[in-house]
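Welcome, and please get your viewer ready for a short tour.

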Amino acid sequence: ELDAREALRFLDMAEWLGCDGVLGYRAEKRYSPWRRLVSWAFNRSLGLLFGQRFRDVGSIRLLRREVFAPLRLHSQSAFLNAERLLVGQRHGARLVEVPVRHRRRLAGRGRGARPRAVATAVRDLLLTRLRWFRFDRYYA
């Protein structure tokens with residue numbers, strides 16, 4: 001779905017901009033209507049609950065290891081990627097978002113929008129929101 005050569009472009013951008021992470025967002029998502037709705041709701045919920053807007057938190061990304069590896073994270077679902085970015089930003093990580101080309105999946109089946117996966121991610125989102133009130137205790 002995504003071109004691996006984007007990693008080289010992301011490396012160049014991170015160095016040029018001096019940022020800690022480069023996040024790709026699919027400029028034109030090739031999703032089913034259900035998957036599109038789930039993705040939209042997930043990305044918007046981060047803005048509503050955490051005050052952070054990411055265009056496509058589940059897409060390709062390049063993160064600086066020394067900034068993101070030490071972070072203490074709690075999620076057990078697809079929400080882990082969002083938690084990593086939210087906690088990293090709160091600790092001062094500088095992120096930039098750039099568009100990437102998204103191609104139709106040629107093989108395999110996506111699992112991110114299955115009801116069980118969505119329910120588990122929503123659970124982790126809500127638990128993270130509760131932890132956010134005591135950030136120093138959970139994420140220091």
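A salt bridge, as the term is used here, is a side-chain nitrogen of Lys or Arg within 4 Å of a carboxyl oxygen of Asp or Glu. Keep that in mind for several of the stops below, and remember throughout that what you see is a predicted model.

**Stop 1: the whole chain**

Begin with a cartoon view. The protein has six helices and three strands, and along the sequence they follow the pattern α-β-α-β-α-α-β-α-α. If you colour by accessibility, 34% of the 140 residues count as buried.

**Stop 2**

Select helix α1, which covers residues 6-17, and show the side chains of Arg-9 and Glu-6. What joins Arg-9 to Glu-6? The two form a salt bridge, with their closest N and O atoms 2.7 Å apart. Since 2.7 Å falls within the 4 Å cut-off, the pair meets the definition given above. Both residues belong to this helix and sit three residues apart, about one turn.

Are the partners buried or exposed? Arg-9 has a relative accessibility of 33%, so Arg-9 counts as partly exposed. Glu-6 counts as buried because its relative accessibility is 12%, and buried means under 20%.

**Stop 2: pairs across the sequence**

In general, side chains of opposite charge can pair when their charged atoms come close. The structure holds six salt bridges, and the next one to select is Arg-64 with Asp-20, where the closest N and O atoms are 3.5 Å apart. Arg-64 lies in the loop between β2 (61-63) and α3 (65-68), while Asp-20 lies in the loop between α1 and β1 (21-26), so the pair ties together parts that are 44 residues apart in sequence. Arg-64 is partly exposed, with a relative accessible area of 32%, whereas Asp-20 is buried at 8%.

Next, select Asp-56 and Arg-26, whose side chains meet in a salt bridge of 2.6 Å, N to O. This pair links distant parts of the chain, with Asp-56 in the loop between α2 and β2 and Arg-26 in strand β1, 30 residues apart. Both Asp-56 and Arg-26 are buried.

**Stop 3: an enclosed space**

Keep Asp-56 selected, as it also belongs to the lining of the largest cavity. Rolling a probe the size of a water molecule over the atoms shows where empty space is left. How many cavities of 30 Å³ or more does a search of the whole structure find? The search finds one, and about 40 Å³ of space lies in the largest cavity.

To see the lining, select Leu-23, Gly-24, Phe-54, Asp-56, Val-57, Ser-59, Ile-60, Arg-61, Leu-85 and Glu-97. Coloured by kind, these residues divide into five nonpolar, two polar and three charged.

**Stop 4**

Leu-37 lies in helix α2, residues 33-50, and is partly exposed, with a relative accessible area of 47%.

**Stop 6**

Arg-44 is partly exposed, with a relative accessible area of 32%. Its C-alpha atom is separated by 8.5 Å from that of Arg-55, 11 residues apart along the chain.

Now go to Val-87, in helix α4 (residues 79-90). Val-87 is buried, with a relative accessible area of 0%. Select Phe-135 as well: the C-alpha atoms of Val-87 and Phe-135 are separated by 8.9 Å, and the residues are 48 apart along the chain.

Finish at Ala-140, in the segment after α6 (135-139). Why does Ala-140 count as exposed? Ala-140 counts as exposed because its relative accessibility is 68%, and exposed means over 50%.

Conventions
Residues are numbered from 1 along each chain as its sequence is written. This is a predicted model: local features need pLDDT of at least 70, side-chain atom pairs count only at pLDDT 80 or more; totals for chains, interfaces and linings use all residues. Side-chain values use heavy atoms; hydrogens and water are left out. Helices (H or I, at least four residues) and strands (E, at least two) are DSSP runs, numbered from the N terminus. Buried means under 20% relative accessible area, exposed over 50%, partly exposed in between (1.4 Å probe, protein chains only). On a 1 Å grid over the protein atoms alone, a cavity is a set of points where a 1.4 Å probe fits but cannot get out, and a pocket is an open set with protein on both sides within 12 Å along at least five of seven lines; lining residues have an atom within 4 Å of a point. Grid points are joined across faces, edges and corners, and a volume is the space filled by probe spheres set on the points. Ala, Val, Leu, Ile, Met, Phe, Trp, Tyr, Cys and Pro count as nonpolar, Asp, Glu, Lys and Arg as charged, and the others, Gly among them, as polar.
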